[in-house]
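Work through the following exercises with the sequence and the model side by side.

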Amino acid sequence: MTPVSVKLAWREIHSAWSRFLFLFLCIALGVGAIVAVDLFAVNVEQVILGDTRALLGGDVELSWRRAISDKGRNVLDSLADRDMILSHVTEIAAMATVENPHSQTASQLVELKAIDSAYPLYGQLVVEPDLPMTQLLDPLQSGCGRSPCFGALVQESLLIRLNLTVGSELQIGKASFLITAVLKKEPDRIANGFSLGPRVMISRDALKATTLIQTGTRIQERYRLSLSDSTSLEPLMGELRGRLSQEGVRVSSFRDAQPRLRRFLDQLNLYLGLIGFTILLVGGIGVACTIQGFLTQKIPIIATLKTLGADSSQIIRLYLTQSLILGGIGSLIGVIVGVILHRGLPLLLQGIIPETMPLNTSLAPVLRGIFLGTLATLAFSLWPLLAIRHVSPALVYRQAVDHSQDMANSQSRLTRWRTILKRWWNDRAQVMVSISMMVGVTGLAMWQSHSLTLGLFFSGACAIAVLLLLVGTGALYRILGHVPIPQWYLLPHAVKNLQRPGNFTKAMTLAIGIGVMLMTTLTIVQRSLLDLIGNQIPSQAPSFFFIDIQPDQYPQFVDVLQQKFPDSPYKLVPVVRSRLTAINGQPIDPEEHKGQRNGWYFTREYALTTSQDLPKDNVLTQGQWWDHTKESDSDGAPGRPLDIPLVSVEEDAAKNLGLTLGSTLTLDIQGVPIVTKVGSLRQVDWGSFSMNFFMILQPGSFDGAPFTYIATTRVPTNLEVPLQQAIVAVMPNVTAINVGDVLQNIGRIFHQLAMGIQALALLCLVTGAVVMVAAISINRYRRLNELAIVKALGASRRLLVFSLGVEFGVIGAFAGLVGLGLGSLLSWSLLYLFFDLTWNFDLIVLSTGLLLTILLSLMTGFLGTYRLLGFPPLSVLRQE
């Protein structure tokens, strides 16, 4: 049997559903944002966890950042007799060149991937046209103008950049390739946003023909294993880690595939989810305003019910049931909004998230959104519903008079606050509801963030933001009350309307101010980071980095620059790659530091160089630089060996590694251990875009080790393409990295991230506008009577529009000022504490934000009142 409270609640909702339209919207927008983010997270998780073996490329992956040693090869050979399938993949950055019909050469940095016949062990490689790999990649007998010639699979972006088609010819290293198909999907690569260039896939024989891999070349070797059902994963992982402990290999299983991508997407979902939760909280303000305004109109009915014998608890239960039904309906609408929104997020984040991400709608996010929406409705409805206890049955016979304003005018502010706090403390029900609201919001924040600490931090930040918004708004309105207002038209009337009882002015300002605060914070942080990426590159920053220059190519590289680009400064330094194996004689176990904060200092590969002089962008903080009398060879190679090599370490690396002056480091260089001693610590300006290193060795420290050169040079923009083509033409194994292109790619990725986050922040601002419309609509009958009286006294429609414009404009101005102020404070905190950047006063952003906020308030206000201007005053006043 349906309870009476439910029947009465549903009957009133059915008869006056239009009054709750904005309550539906407030809940729907918040729930929609949460459902959209949760569906997005679930779909991303399905891509990552749907087939983790395909994502990793096998059951187990062994990866090196250098050519595999003989010992490593022997270990892999020993696995062949154990019923395992082995696949070998090599990844390397290279330059692809194309000769066009006008006898000009175009070049493009690409990510080269060489595969064997067993690739892929899991998943499916999608190409167009869909032909066997042997037919697409094997050596070709015709179609190329040079020999040897192989097939190549390329991403469509390479075809667009170099104006190529399937069947076009390109050259990589010393080998020629014919584009045989377009690469649509790699099973072990689900996002392309962070790549240096388009993907080109070739065979292993073709990689040998390019002669790109030489001594010291930077490569990524991946060996994937497919295990039989009889082979246990964990024992094999332990065996491989033990046998290859000194090889600098990373041993991964399909259970921890793509950890960096997972971490990035988890953090993205977390940030988007917290913004969605903020939208729900802003919508909760609209719920509270709607319920309070609705109850104000229902005071005669509540008094009548009490006269007929109903107590306060029964009436509260009736309207609470009604609120929960409304919240449930709003949550269902929010689910529909969320399903629509979640289809738009992948478009905003295209290139950053997995390309083949499905757009499925699963049940768990939907139920979670409905649950959060219903709980938010409960939390924000209880407080205004408590006012039912103070409705007297005698109001059936006489009209209620609001004496709160009289009390406010007759008491000092301190006395008034003491009275309010005393009444609140003596009212146990209000105390319990207040505590329940705080605990409920905090609990929901913890659930949304999946973290106790972050949930507490977010709840505290929200509470502080709301408090500051209320204090700031109250201060502005108090200042406005003491400012002499010209007696011009209806200006005093408009200003006084802001502080009339039941106008929800502070609630409207709070709702819009939170949205403005979020938008301001995100905009300032985004502009500061993009300015750092794009506009604050030092004037002396290099145009190119050239890597993998062989020692015998040193004179040739210098000749090209001096003969063809004589005015371009350049610098070459020798580099070897190494691993850190021990500190002060204590061996380092990389597995102990995986997943730890800054643990990558122990597990990463270090590029080492030697230098007689302290680099110009480095500053010694401890110790002294070594003897400057030793000189290097004429070709720039390292000088004579030293018995006790010293090393200079970057100060942050030293801090995280626990190094001090005199500490010893054991470095593995191509399988040869070298013990060095910390002689100095340096502060490095990483923003100089120069060649900076974590560790610089004393000259002669790695004599005899296989090394390559890294070079930088700076040329005018119009010479960048000729320089790249000139170097690649004579040294095809050298990789040219254009600094501008890399920064442009980083800027594009960050811009896309900002768009996705700002889209939700904009939805928060829209929710604030909906709250404002809801607050105006609640008092439309009172406002209608006021407008009728003013019309009867002779005011024209123009004067009424002016009066309303002043009222809504002041609300927008106050919300904008407080929101912009808090947004500036929050953005300063983020830039200073997390990004170590300077906050700059951006007059354009702040003034534009203020003007847009005022415009939004005006549009929103008139949207809620334009119909009231058309009512004739006589028909309105006759109803009184």
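This is a predicted model: local features need pLDDT of at least 70, side-chain atom pairs count only at pLDDT 80 or more; totals for chains, interfaces and linings use all residues.

Residues are numbered from 1 along each chain as its sequence is written, and side-chain values use heavy atoms, with hydrogens and water left out.

**Exercise 1. Identify which residues of the largest nonpolar core touch the most other members.**

Step 1. A nonpolar core is a set of buried Ala, Val, Leu, Ile, Met, Phe, Trp, Tyr and Cys residues joined through side-chain atoms within 4.5 Å, where buried means under 20% relative accessible area, exposed over 50% and partly exposed in between (1.4 Å probe, protein chains only).

Step 2. In the largest such core, which has 62 residues, those touching the most other members are Ile285, Tyr477, Leu480, Ile514, Leu760, Met772 and Val810.

Step 3. Leaving aside residues up to four places away in sequence, Leu480 touches Val495, Leu498, Val810 and Phe814 (contact means heavy atoms within 4.5 Å).

**Exercise 2. Describe the geometry and setting of the aromatic pair formed by Phe808 and Phe862.**

Step 1. Rings of Phe, Tyr and Trp (its six-membered ring) pair if their centres lie within 6.5 Å, and planes under 30 degrees apart count as stacked, over 60 as edge-to-face and the rest as tilted; the whole structure holds eleven aromatic pairs.

Step 2. For Phe808 and Phe862 the centres are 5.8 Å apart and the planes lie at 90°, an edge-to-face pair.

Step 3. Phe808 belongs to helix 27 and Phe862 to helix 28, 54 residues apart (helices, H or I of at least four residues, and strands, E of at least two, are DSSP runs numbered from the N terminus).

Step 4. Phe808 is buried at a relative accessible area of 1%, whereas Phe862, at 23%, is partly exposed.

**Exercise 3. Which residues does Arg222 meet in salt bridges?**

Step 1. A salt bridge is a side-chain nitrogen of Lys or Arg within 4 Å of a carboxyl oxygen of Asp or Glu, and by this rule the count comes to 13.

Step 2. Arg222 meets Glu61 at 3.2 Å, N to O, a pair that links strand 9 (residues 220-226) with strand 1 (residues 60-64) across 161 residues.

Step 3. Arg222 also meets Glu91, at 3.5 Å; Arg222 lies in strand 9 and Glu91 in strand 2, so this pair ties together parts 131 residues apart in sequence.

Step 4. Arg222 and Glu91 are both buried, and Glu61 counts as buried at 6% relative accessibility.
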